[in-house]
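Please keep the sequence and the model in view while reading.

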Amino acid sequence: MNKIILIFIAFIVIYGTYKKANCFDLFVEGAKEGFTLFIPLFTALLALMFFINMMIKTGLVQTICQIPIFKHMSSELLSMMFLRPFSSSGSLLLLDQIYQQYGLNHFFSMVATFIQSSTDTTLYVASLYLGSLGIKNDSKAVGLGLFLDALAILFAFIMTIIFF
Amino acid sequence: MNKIWSVCIVICICYGLLTHQENTLFALLFEVPNDALNMALKLTLNACFFNGILNMANGCGLLDKVSHLIQPILKHLFKGVNQETMGYISVHLLSNLFGLGSVATISGLKAMRLLKEATPDRLSKAMMTLFILNTTGLSFFPSTVVALRQTYDTTHSADFIPYTIMISLLALSVGLLIINYKYRE
């Protein structure tokens, strides 16, 4: 991957020179624009991280998973289902715990693997793409994103039941 | 976003107070800005560099060439989007599929920014589509999960990928169908 990116960069500079474009100026202009992201990005991330850390550090997620209905399922798997839309590293840690506890090919491990790899952190993406650019009225987008995450989790269960 | 955020913050504070975790919560108030700053700084510096690279590519017409390659597929999803934005969207999708994270984030942000300039007051169909494409996480090679599995057992660590792709595609199709239905013109 690193090689590809480096070759990609060299290729762009070569092609740009061939097309008589001012690569240096274009690069600096792009970098300047990149930096304007800093304030919106920082503020959006501040809000998001506040939110995530509060959920995790107070152990709220853990407590929800102790509710009796969910006794038959692994509590890590349940935590993962709730945590995935918020935090990729958090659910990766949970995935690791599930692997340690049940081994790689257990039912729970396979479902967890599918959850981790076939969805993405919706709330983080929403903050990054919509929040930092100041896009308001995003409830439809976020709602749809979360709904699709839930759908993907459902598919993960179905897929594991059918194939494993 | 506002509702989820507000409700959860209040619930977490109440829960924290009830379980006597005031100190943890209070310490959080000082740790979080630090963590957020580090993360935002890393992302911004990354953004500066790769936006520079992409601006070069845009300036010499390379992005237009790239978008021509994928245009047949994207034409139907992103009607009415201008040429420059199409270029960034194409780069974004391709780099997401191949796991080139840094390039993907930047081109996605730039594409979203351009789309916002086109329709400043509302969330257009193109923006929704871009967002959903991102959040369903379609990728040919989920490198982090494969790497994690390899630390346990090197033989079958990538076997789950075909199923993952199927699930992502299913979720994506449902998402696209819903968007097309809601934004029918």
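**Where the two chains meet**

Between chain B and chain A there are 13 residue pairs in polar contact, both residues being at pLDDT 80 or more; a polar contact is a pair of N or O atoms within 3.5 Å in which, within protein, one must be able to donate a hydrogen and the other to accept it, and residues adjacent in sequence count only if both atoms are side-chain atoms. This is a predicted model, in which local features need pLDDT of at least 70, side-chain atom pairs count only at pLDDT 80 or more, and totals for chains, interfaces and linings use all residues. Residues are numbered from 1 along each chain as its sequence is written, chains are lettered from A and ligands numbered from 1 in the order in which they are written, and side-chain values use heavy atoms, with hydrogens and water left out.

Two salt bridges link chain B and chain A, the term denoting a side-chain nitrogen of Lys or Arg within 4 Å of a carboxyl oxygen of Asp or Glu. B:K110 forms a salt bridge with A:E33, with 2.9 Å between the closest N and O atoms.

In total, 81 residues of chain B are in contact with 87 residues of chain A, contact meaning heavy atoms within 4.5 Å. The area buried between the chains is about 7900 Å², 79% of it from carbon and sulfur atoms; this is the accessible area (1.4 Å probe) that two parts lose on being put together, summed over both.

**The interior**

The largest nonpolar core has 108 residues, and B:F78 and B:M112 have the most contacts inside it. Such a core is a set of buried Ala, Val, Leu, Ile, Met, Phe, Trp, Tyr and Cys residues joined through side-chain atoms within 4.5 Å. The largest share of this core, 12 residues, comes from α2(B); helices are DSSP runs (H or I, at least four residues), numbered from the N terminus. Leaving aside neighbours within four places in sequence, B:M112 is in contact with residues including A:Y129, A:L130, B:M127 and B:F131.

B:M127 and B:F131 are among the buried residues of α6(B). Of the 11 residues of α6(B), 11 are buried, that is, under 20% relative accessible area (1.4 Å probe, protein chains only). They pack against α8 and α9 (139–163) of chain A, and against α3, α4 (83–97), α5 and α8 of chain B.

A:A126 lies in α8 (residues 122–131) of chain A and is buried, with a relative accessible area of 1%. Its contacts beyond four places in sequence are A:G131, A:V142, B:M1 and B:F131.

Notes. Helix = DSSP H or I, 4+ residues; strand = E, 2+ residues; numbered from the N terminus. Buried < 20%, exposed > 50% of the residue type's maximum accessible area, 1.4 Å probe, protein only.
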